[in-house]
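Work through the following exercises with the structure at hand. Each task is followed by a solution in steps.

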Amino acid sequence: MERTITYHIDNSSDGLRIEQYLRRRGYSYQNLTQLKKMPRSILRNGTWSYMRTPLSAGDTLTVHIQETASSPHIPAEELPLDIVFEDEDILVVNKPAGMPIHPSLNNYRNSLANALMYYYQEQGKPFIFRCTNRLDRDTSGLTVIAKHMVSSSILSGMCVRHDITREYLAVVRGAPDPPEGTIDAPVGRTGSSLIERKVDFETGEHAVTHYRLVTERNGHSLVSLVLETGRTHQIRVHMKYIGHPLVGDYLYNPDMEYISRQALHSYRLAFSHPVTGKPMEFTAPLPEDMRHILDG
């Protein structure tokens, strides 16, 4: 991917070296190292410049990102792709249930990465797959993909600082009581399992989930969940912990009467655009298999 980003230097950045300015914009040290290897990647007022060059108020700084390689070992496959938003820096996709994020031994050609590789190959563009919020294979909904190394670095930093709001919708049997609250319970591994997790107050990692009952119908509840942390299987483990595991969750509640996958959907994402800073918010409607449980 190629991307040209232009910054207009104001008084607050007067005197900063280019590398200092870019670090404040969220560029990683690795980004700066990679940019140094790209031809004419840094221009100050149209002239190629070193990273240590000082900036002055009124300057125009241009960053030219040039990525010519594609992710290895991700074969391009023509698969259904529901793109919610795309610009030069990010891609927001509504992923269907049953589609893994990355290729694996048993799912080498049916992942989101395969679909996106085909999408960009058809456009004649190189593509490195960089997913910001990874979803389980059977979790549907919104996920953000960075289209180049700088947006990836900035989004990763936002994730670490919890600057991305992630709201999920889940279907559970019964209704949580109280109908709204916070689950603050550490999550850790279960025995020798590489996959399964549990609430573990001795060795688990800090995990916080905020939940809210949205509606109750047909003996089930639709629950909104906002993640404060992002541990593996956090929602699934936390909802089981309070006595309302997700319907259809083969690992934590194999209740497959109404649905054959965990009833979990990445419903809303809200964050500041990694390059422009503009507030962004996206939602994806509840999929049919989850609506069916509530409608009966």
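**Exercise 1. A residue in a strand**

Task: Locate Leu 169 in the secondary structure, classify it as buried or exposed, and list its contacts beyond the sequence neighbourhood.

Solution. The model is a predicted one.
- Step 1: Strand S9, which covers residues 165–173, contains Leu 169.
- Step 2: The relative accessibility of Leu 169 is 8%. Buried means under 20%, so Leu 169 counts as buried.
- Step 3: With neighbours within four places in sequence left aside, Leu 169 is in contact with Val 214, Leu 222, Val 223, Ser 224, Ala 263, Leu 264, His 265, Tyr 267, Leu 286 and Met 290.
- Step 4: For a C-alpha distance, take Leu 169 and Arg 212: they are 43 residues apart along the chain, and their C-alpha atoms are separated by 9.7 Å.

**Exercise 2. A residue in a helix**

Solution. 

**Exercise 3. Aromatic pairs**

Task: Count the aromatic pairs, then assign a geometry to Trp 48 with Tyr 50 and to Phe 201 with Tyr 241.

Solution. A pair of aromatic rings is described by the distance of the centres and the angle of the planes.
- Step 1: Rings pair if their centres lie within 6.5 Å. By this rule there are nine aromatic pairs.
- Step 2: For Trp 48 and Tyr 50 the ring centres are 4.6 Å apart and the planes stand at 70°. Angles over 60 degrees count as edge-to-face, so this pair of Trp 48 and Tyr 50 is edge-to-face.
- Step 3: Trp 48 is partly exposed at 39% relative accessibility, and Tyr 50 is partly exposed with a relative accessible area of 46%.
- Step 4: The ring centres of Phe 201 and Tyr 241 are 6.3 Å apart, with planes at 55°, so the pair is tilted.
- Step 5: This pair links distant parts of the chain, 40 residues apart: Phe 201 is in the loop between strand S12 (197–199) and strand S13 (208–217), and Tyr 241 is in helix H5 (residues 234–241).
- Step 6: Phe 201 is exposed, with a relative accessible area of 56%, whereas Tyr 241 is partly exposed at 44%.
- Step 7: Ring pairs also join Tyr 119, Tyr 120, Phe 127 and Phe 129 into a cluster.

**Exercise 4. Charges over rings**

Task: Which ring face does Arg 23 lie over, and which does Arg 52?

Solution. 
- Step 1: Arg 23 lies over the face of Tyr 29, at 3.9 Å from the ring centre.
- Step 2: Arg 52 lies over the face of Tyr 50, at 4.7 Å from the ring centre.

**Exercise 5. The whole chain**

Solution. 
- Step 3: The chain exposes about 14,300 Å², of which carbon and sulfur atoms supply 48%.

How values were computed
Residues are numbered from 1 along each chain as its sequence is written. This is a predicted model: local features need pLDDT of at least 70, side-chain atom pairs count only at pLDDT 80 or more; totals for chains, interfaces and linings use all residues. Side-chain values use heavy atoms; hydrogens and water are left out. Rings of Phe, Tyr and Trp (its six-membered ring) pair if their centres lie within 6.5 Å; planes under 30 degrees apart count as stacked, over 60 as edge-to-face and the rest as tilted. Buried means under 20% relative accessible area, exposed over 50%, partly exposed in between (1.4 Å probe, protein chains only). Helices (H or I, at least four residues) and strands (E, at least two) are DSSP runs, numbered from the N terminus. A charge sits over a ring if NZ of Lys or CZ of Arg is within 6 Å of the ring centre and within 35 degrees of the ring normal. Contact means heavy atoms within 4.5 Å. Accessible areas come from the Shrake-Rupley method with a 1.4 Å probe; for residues, only the protein chains shown count as cover.
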